[in-house]
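Good morning, colleagues, and thank you for the time on today's agenda. May I ask you to turn to the structure on the screen?

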Amino acid sequence: MRGCNNMCSFCVVPFTRGRERSRDAFSILAECKDLFEKGYKEVVLLGQNVDSYYWSNPENNDTTTFAMLLEQVAQIDPSLRVRFSTSHPKDITDEVLHTIVKYDNICKHIHLPVQSGSTRMLQLMNRTYTKEWYLNKVKRIKEIMPDCAISSDIIVGFCTETEEDHQDTLDVMRQSKYEYAYMFAYSERPGTLAAKRYQDDVSEADKKKRLDEIIALQAQLSLESNLQDVGKTFEVLVEGDSKKSNKDWCGRNSQNKMIVFPKTDASITKGMYVQVAVTKASQATLMGNLVNS
């Protein structure tokens with residue numbers, strides 16, 4: 001799908017890419033099948049707000065929701081991994097979550113941007129949810145799918161943000177326990193609602209200080225999450241050589257975590273699925289060894 005109907009005040013996408021348009025389900029399925037037949041092992045269903053996907057067949061008015069599309073793509077073949085991004089917290093449904101649980105090849109990772117942990121900031125950003133509502137959504141995801149990884153987008157220093165607002169964001173991070181996050185200092189975009197309505201009045205010094213604190217906390221949370229995986233065994237899709245050594249393979253597990261492991265089996269090639277037992281972890285990477293099948 002393309003475009004976005006949400007008018008988040010900091011975002012220029014609705015003005016540059018227009019309203020949401022969902023591609024017809026038949027063309028998406030055909031493309032995914034073609035990719036799989038050509039040897040691709042992973043597809044990503046992509047949209048600015050992918051959970052609001054909705055397509056109506058003009059021939060019979062049958063509708064396809066995102067949960068239905070996700071299931072149809074997963075059914076192409078069990079060895080085709082399916083990921084999706086990005087989810088707006090207000091639109092991801094229990095139906096989608098139960099569909100993820102139903103299929104092993106739908107990856108157990110959800111990118112759920114919070115942007116700010118402060119309800120006051122969220123209202124100024126026009127995000128349409130509160131701090132408490134967002135945390136309840138995270139709780140619901142974990143209830144249905146305890147092994148699901150959650151990542152996020154965070155903006156610091158949005159217009160009028162106070163230290164109290166900033167502390168709310170840190171609190172949401174601690175409660176959500178993100179596996180990783182994309183973190184930015186607010187930068188005004190011409191043409192956005194925020195540029196028209198609000199003054200970019202948080203000092204650069206405060207933005208930098210708060211961003212540093214956000215990054216430091218996320219580094220801690222990422223390390224804690226990765227250390228919990230030590231001793232576990234994951235299915236890994238081999239992507240290629242490790243960045244640091246061509247003597248090691250690297251690939252991702254279902255939770256989108258990078259795993260590095262030595263090339264101890266000459267029969268392993270790029271694009272294969274292997275089982276890897278995690279032996280140690282850093283903030284960004286899991287490291288382990290092949291498990292003999």
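This is a predicted model: local features need pLDDT of at least 70, side-chain atom pairs count only at pLDDT 80 or more; totals for chains, interfaces and linings use all residues.

Strand S11, residues 273-281, and strand S12, residues 286-290, pair in the antiparallel sense over 5 bridges. Within this pairing, Val276 stands opposite Leu290 in S12. Both strands belong to a closed barrel of 5 strands, which runs S8-S9-S10-S12-S11 with mixed pairing. On average, neighbouring strands of this sheet are turned by 50 degrees against each other, direction ignored.

I turn next to the salt bridges, of which the structure holds 21. In one of them, Glu71 meets Lys102, with the closest N and O atoms 2.8 Å apart. Glu71 lies in helix H3 and Lys102 in helix H4, so the pair ties together parts that are 31 residues apart in sequence. Glu71 is partly exposed, at a relative accessible area of 22%, whereas Lys102 is exposed, at 56%.

How far apart are the closest N and O atoms of Asp171 and Lys131? They are 2.8 Å apart, and the two residues form a salt bridge. Asp171 belongs to helix H7 and Lys131 to helix H6, so this pair joins parts 40 residues apart in sequence. Lys131 is buried, with a relative accessible area of 12%, while Asp171 counts as partly exposed at 25%.

There is also a network of salt bridges that links Glu161, Glu163, Lys209, Arg210 and Glu213.

Finally, the surface. Leu223, Leu227 and Val230 make a nonpolar surface patch of about 210 Å². Val230 is found in the loop between helix H9 and strand S8, and its relative accessible area of 33% makes it partly exposed.

Key: Residues are numbered from 1 along each chain as its sequence is written. Side-chain values use heavy atoms; hydrogens and water are left out. Two strands pair if DSSP finds at least two bridges between them. Helices (H or I, at least four residues) and strands (E, at least two) are DSSP runs, numbered from the N terminus. Axes are lines fitted to C-alpha atoms, for helices over the stretch in contact, and angles run from 0 to 180 degrees between N-to-C directions. Patches are made of residues with over 30% relative accessible area and no salt bridge: like charges are joined within 9 Å, nonpolar side chains (Val, Leu, Ile, Met, Phe, Trp, Tyr) within 5 Å. Accessible areas come from the Shrake-Rupley method with a 1.4 Å probe; for residues, only the protein chains shown count as cover. A salt bridge is a side-chain nitrogen of Lys or Arg within 4 Å of a carboxyl oxygen of Asp or Glu. Buried means under 20% relative accessible area, exposed over 50%, partly exposed in between (1.4 Å probe, protein chains only).
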